[in-house]
Amino acid sequence: MTVADYQPPSWLRNAHVQSVLGSSLLRRRHGERSLAALGAVHTDHIVDAGDGVRLQGVHSAMPDTPTRGLVLLLHGWEGSVDSSYMRLTAVELLRAGFEVFRLNFRDHGGTHHLNEGLFHSNRIDEVVRAATEVARRFPGHPMAVAGYSLGGNFALRLALRAPDAGLQLAHVAAVCPVLDPASTMDSMEHGLPLYLWYFERKWRGSLARKRELFPQTHAFDDNVLGLRMRPLTQWMVERHTDFGTLERYFDGYSIAGDRLSALQVPASILMAEDDPVIPVDTFRVLRLPNGARLEISPWGGHCGFLQSARLDGFAERWIARRVLEAID
């Protein structure tokens, strides 16, 4: 299976149609029903991520079925383990014989109460420790990791750190990963306003929930919540990180240029030429090791890759195939 196999009908070859339908309520319901119909057993877990940090996730497995391995799934910014692409990817992996662990990042999926500090995109250490703990809880089988958008960025950084963390990964797969955060911010500010509005609305809701739970720590007023994306990010960086400036913060989680060249874990990256959120140009100058493979599709939007009116996605099948090939 390659991107040449992804041939959506003409009405699905619009980037905005792909992106909007991909995160729509219709697709969310499709993911919920598809996963429920599979008959898998789902178990909630609180994972110790070190330094008092707790992250929540869901382990899924088919009953009375031998497993090929375990796949850790990471969602995008302001997504969750219940996002449609997370559920539908879990469906494809479970059908292929894998167990799946869907991990919520800090402050995602209604887990704001678990940690006092705010989520930000440089919190890779806790994700590495959480992945190590997940591997400890489910030993004896190969492990892979896959992620979408910011989750794809985290997945690739996790793979970079895996050898030093003593974490053995058979493969890492990333769909439309954020490579250069600064260029992604520029793209959203100069693109269709819908995407900036969507992420601003979701983030403001998350920050308001954090303030409600920890009013003494997060005593910001509504003027802060009214800031646009760039100044709101600047506010967060200055008050809740040690980076000091927006430039250093963005550089802290950038994986652009040659930063992935040290990857020791075999990797697959899927990107859409027409992604309206993440600039495809950053992928054309990406320097990857021999064990990594980049595929760019003419269509797909941002993490859409829808194939038909049923709202099934190519990306979910692509992840399952890449992991299956690596494990086998």
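Predicted model: local features only at pLDDT ≥ 70, side-chain atom pairs only at ≥ 80, totals over all residues.

Q: Okay, helices to begin with. At what angle do α3 and α12 pack?

A: Helix α3, residues 84-95, packs against helix α12, residues 314-327, at an angle of about 40°, and their axes are 8 Å apart. That angle makes α3 oblique to α12.

Q: And is the crossing of α3 and α12 left-handed or right-handed?

A: Right-handed.

Q: Which residues in α3 and α12 meet there?

A: From α3 you have Tyr85, Leu88, Thr89, Glu92 and Leu93, and they meet Glu316, Arg317, Ile319, Ala320 and Val323 in α12. Sorted by class, that contact has 6 nonpolar residues, 1 polar and 3 charged.

Q: What about α6 and α9, how do they pack?

A: The angle between α6 (residues 181-190) and α9 (residues 229-240) is about 145°, with 10 Å between the axes. On the α6 side the contact uses Met185, Asp186 and Glu189, while α9 brings Met229, Arg230 and Thr233. By class, the α6 contact with α9 has 2 nonpolar, 1 polar and 3 charged residues.

Q: Switching to the core. How many residues are in the largest nonpolar core?

A: It has 102 residues. The ones with the most contacts inside that core are Leu72, Leu74, Leu156, Leu169, Val175 and Phe305. As a general point, nonpolar side chains in soluble globular proteins tend to be buried together.

Q: Take Leu72, then. What does Leu72 touch?

A: Skipping residues up to four places away in sequence, Leu72 touches Phe101, Leu103, Ala131, Met143, Ala144, Val145, Ala146 and Leu158.

Q: Which residues is Arg28 in contact with?

A: Leaving out neighbours within four places in sequence, Arg28 contacts Asp82, Ser83, Ser84 and Arg87. For Ser84, the C-alpha to C-alpha distance from Arg28 is 4.4 Å, although the two are 56 residues apart in sequence.

Q: Is Glu78 buried or exposed?

A: Buried, because the relative accessibility of Glu78 is 12%.

Q: And what about Ser149, what's its phi?

A: Ser149 has a positive phi too, about 55°, and is not a glycine. You'll find Ser149 in the loop between β5 (143-148) and α5 (150-165). With a relative accessible area of 11%, Ser149 is buried.

Q: Last one, Glu295. Where is Glu295 found?

A: In strand β8, residues 292-297. Glu295 counts as buried, at 5% relative accessibility.

Q: Why does 5% make Glu295 buried?

A: Because buried means under 20% relative accessible area, and Glu295 is at 5%.

Q: So what does Glu295 touch?

A: Not counting residues up to four places away in sequence, Glu295 touches Met1, Thr2, Val3, Ile269, Leu270, Met271, Trp318 and Arg322.

Technical notes
Residues numbered from 1 in each chain as written. Heavy atoms only, no water. Axes fitted to C-alpha atoms, helices over the stretch in contact; angles between N-to-C directions. Helix = DSSP H or I, 4+ residues; strand = E, 2+ residues; numbered from the N terminus. Parallel < 35°, antiparallel > 145°, perpendicular 65-115°, else oblique. Left-handed = near helix turned anticlockwise from the far one by under 90°. Contact = heavy atoms within 4.5 Å. Nonpolar A, V, L, I, M, F, W, Y, C, P; charged D, E, K, R; others polar. Core = buried A, V, L, I, M, F, W, Y, C linked by side-chain atoms within 4.5 Å. Buried < 20%, exposed > 50% of the residue type's maximum accessible area, 1.4 Å probe, protein only.
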